Amino acid sequence: MRPYRTLFTVLALVALIGSLVAPAPVAGQATQTPRRGGILLAAIGADAPSLDPHQETTFATMEMVAPLYSSLLQIDPLSYPKIIGDVAIEWKISPDGLTYTFKLRQGIRFHDGSPLTATDVKATYDKIVFPPEGVRSVRKNAYSAIASVEAPDPSTVVFKLKFPSASLFSNLASPWNVIYPKKYLDKDPNYFKSNVVGSGPFKFKNYTRGSTFEGERNPDYFIKDRPYLDGYKFYVSTETSVRAAALRSGRAWIEFRTMPLAEVDAIRKTLGDKVVVQETPATGLFGIAMNQTVKPFTDVRVRKALTLAFDRYTAGRVLYPLASLRDVGGLMRPATEWAMSEAELQKLPGFGKDMEKNRAEAKRLLAEAGYPNGFKVVLKNRNIKIPYQDFAVFVIQEWRKIGVEAEHRPLETAAWFADGRDTASFELIINGTFNYMDDPDLFLERYTTGDPNNWGRFSDPRIDDLFARQTRALDPSERKRLVNELEKIVLENAYHIPGLWWRRAVVHWAKVKNYVAPPNHYSNQKLQDVWLSED
Amino acid sequence: MRTYIAKRLLLIVPTLFGAAALVFLIMRVLPGDVALLIFGGDAGGHIDPKQLAAMRERLGLDQPLWVQFGTWLWGVLRFDFGTSLWTGRPVVEELLIRLPLSLELALAATMVSVIIAIPFGMLAAIRQDTWVDYVVRVVSIGGLAIPGFWVGILCILLLVIFFGWGPPLEFTPPWVNPWANLQMMIWPIVTVGYRQAAVTTRMTRSTLLEVLREDYIRTAWAKGLRERAVVIRHALKNSMLPVITLIGTELAFLMGGLVVTETVFTLNGVGRFLIDAVSHRDYPVVQALIFLTASSFVLVNLLVDLTYAWFDPRIRYR
């Protein structure tokens, strides 16, 4: 009975809207008047290990608690990657780039009724940049330029820098850096791992570990008439097919992270116009790390051969429907301000489009390095099908064409981290990087000497120098030049094999309005502008 | 009898100790480290070696193994299983959230399986080698052969495809809203119950067949008793002992949680908790869950042994 009624309502609505306004754009950001009310039901693929985003790296924590908090700056929910204020209403950066002064909005209150002032912002950033003993701060390195945070008066926050930093401003818009009230942090810096006191558009309502997470509307939110929703509720299910079934049966109306295209098609087939699919590129790059402390990967010729033999362009076509991996690019996301031009990229080993030539060159290099008949090697991987294993299967058969026999060894997440990042007990390993925005600091630090995410353990002083210079380069065009130069060194020496850039497909019911999917599943989760056209 | 009970109770101590030691060691042998995983996650954060060392110290992972084991064992004796390394909450608290669901699933599935298995097992035995027997055998072999998760996913997909209906995604305890509870639990119960029924049906059938060939049954027939009296009063009672043992151990097994079924049906139960804990290297949780499952097996076995001893005095003197 219910599906028909819903269908009828939708049809009526479509007819009505159709007669009044032009067809809505894809994401449903129509010129309709937002409707107040309703609880947004969402499916989520993991549970949060803790509720403190400062200490976590998983989207599960972010998606659940983002609506409960505010941050200093934010990435514009409706237009990534534009940065706008959140708690900060205006700001000034000194000409030498060493002092950032933020004026805070007046009258913001935490959900416990206490006012949000500059001391809370200072306490928050002190926790992130200079974490006390026993408190982890996973993104601390992104703020290494900060010398001190000061709160000269209740509505002013000043960041003093050790050196000018090109990325700091955008890193202050990190969705992870939610503002906590100081008085709770003073009592226990780990208080927010299991408690919530925020100032966001929603208040914490209920959390059943491993099952559901709920927030309810904050009537005292500092932006008038927001949020539109009465609340939101996440259902945790680790099974993709179950989340897809939940969307199809209307038990959930949105899955924020991403859905494999096969499921997307099935959902679209059942629900037709009732669902909207927002497909975006994603700020995630999957690739292969080569352990450069062991033979034969100490030899640049071998590394180059492996990257040359991998047909990226075919991979993008084959893997896209399976694993959502599609775009060929360097170390910065293609088609962004930081990316190299295609012409430049195609000159680098492995990015040329003539695969016959690439393979011949790869074989020649292998023979020169003393492996005329190729070699056997173990490729370690994470035992997650999408996209890790699909990607590995493709790469392995590419390498076979030049005589390299790679044995695929998928590992459980813990072992994968241990072997790849911690102990370097691997020859080749699939790994990826996923960040909340296209920032060179976030994406390139992993290629510097001794960085924990430099799984390949290579060291090139030129890269270290270029990284340090680009992070201080305040002129964007100069910075781009340095970034591209760094990229070229990594790619020409085949220190790392970048694979493909991921894409994101967010499926939601058409009644979920005003959610614009950014190219990652970390930002734009505050839901203050989202509304439902019906319950 | 009293000495027998005392002996059996004493035997529990080394058994449980052995189980505890084994679980403890296996978890430590696995590669990977919870401290690293806490810093890791899916974005690959930057890790400060000093922070990592501090974290290991805070979690007690820098202590020698025997100290860690001793501390844990002492806690277990006081029913304190420590705190989860992953969530920082007491293991018992985390467990209690999930236990009602797993218990309901285990008990209801066992009940369903008994209701299906005993009559059909009996029918198959009495009508051996007729079409009834064949149907029962085929269906029960199906239950053994088809993996539970597949039946589960099929259930969900068929409901969604044909009725546009999916089971609720959230567990409501039966005492809060029985109807909502039933909507969610019915399919997992049927899925698990089917598999259990398959096992029990086959056991009922074969033991009943054996008993039906006994001399005293022939005597009962010879006395001119009706079929119902022969089968139910004479044969069934005597054939039930192994069946009850089987049901008991299966129940103990089910109480340890059903990893796959719980995952497929988004049930937040003990089984899923265990599998998550293993992948997070959350030692205290894994140790507690395996230890408790082992304990429930030991307990059920003890009860079964005692029941046997009660029925059959010869066992006591073995």
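Arg251(A) sits in the loop that links α6 (240–248) to β11 (254–255) in chain A; helices (H or I, at least four residues) and strands (E, at least two) are DSSP runs, numbered from the N terminus. This is a predicted model, in which local features need pLDDT of at least 70, side-chain atom pairs count only at pLDDT 80 or more, and totals for chains, interfaces and linings use all residues. Residues are numbered from 1 along each chain as its sequence is written, while chains are lettered from A and ligands numbered from 1 in the order in which they are written.

With 22 other C-beta atoms within 10 Å, Arg251(A) is buried (20 or more such atoms make a residue buried, 12 or fewer exposed, and anything in between partly exposed, with C-beta atoms placed from the backbone). Leaving out residues up to four places away in sequence, Arg251(A) touches Leu41(A) and Ala246(A), along with Gly166(B), Pro168(B) and Leu169(B); contact here means C-beta atoms, placed from the backbone, within 7 Å. Asn484(A) is another story: its C-alpha lies 46 Å from that of Arg251(A), and the two are 233 residues apart in sequence.

As for the contact between the chains, chain B puts in 44 residues and chain A 46 residues. On the chain B side, α2 (34–40), α3 (49–59), α5, α7 (148–163), α11 (259–264) and α12 (270–279) each supply at least two residues. α2(B) gives the most, with 5 residues. Sorted by class, that side of chain B has 21 nonpolar, 15 polar and 8 charged residues (Ala, Val, Leu, Ile, Met, Phe, Trp, Tyr, Cys and Pro count as nonpolar, Asp, Glu, Lys and Arg as charged, and the others, Gly among them, as polar).

Within chain B, helix α5 (residues 91–126) and helix α6 (residues 131–145) have axes that come within 8 Å and cross at roughly 135°. Axes are lines fitted to C-alpha atoms, for helices over the stretch in contact, and angles run from 0 to 180 degrees between N-to-C directions. α5(B) and α6(B) are therefore oblique to each other (under 35 degrees is roughly parallel, over 145 roughly antiparallel, 65 to 115 roughly perpendicular, and the rest oblique). Phe120(B), Leu123(B) and Ala124(B) of α5(B) meet Val132(B), Asp133(B), Val136(B) and Arg137(B) of α6(B). That contact has 5 nonpolar, no polar and 2 charged residues.

The axes of α5(B) and helix α10 (residues 227–255) of chain B come within 11 Å and cross at roughly 150°, which makes α5(B) roughly antiparallel to α10(B).

Technical notes: Contact = placed C-beta atoms within 7 Å.
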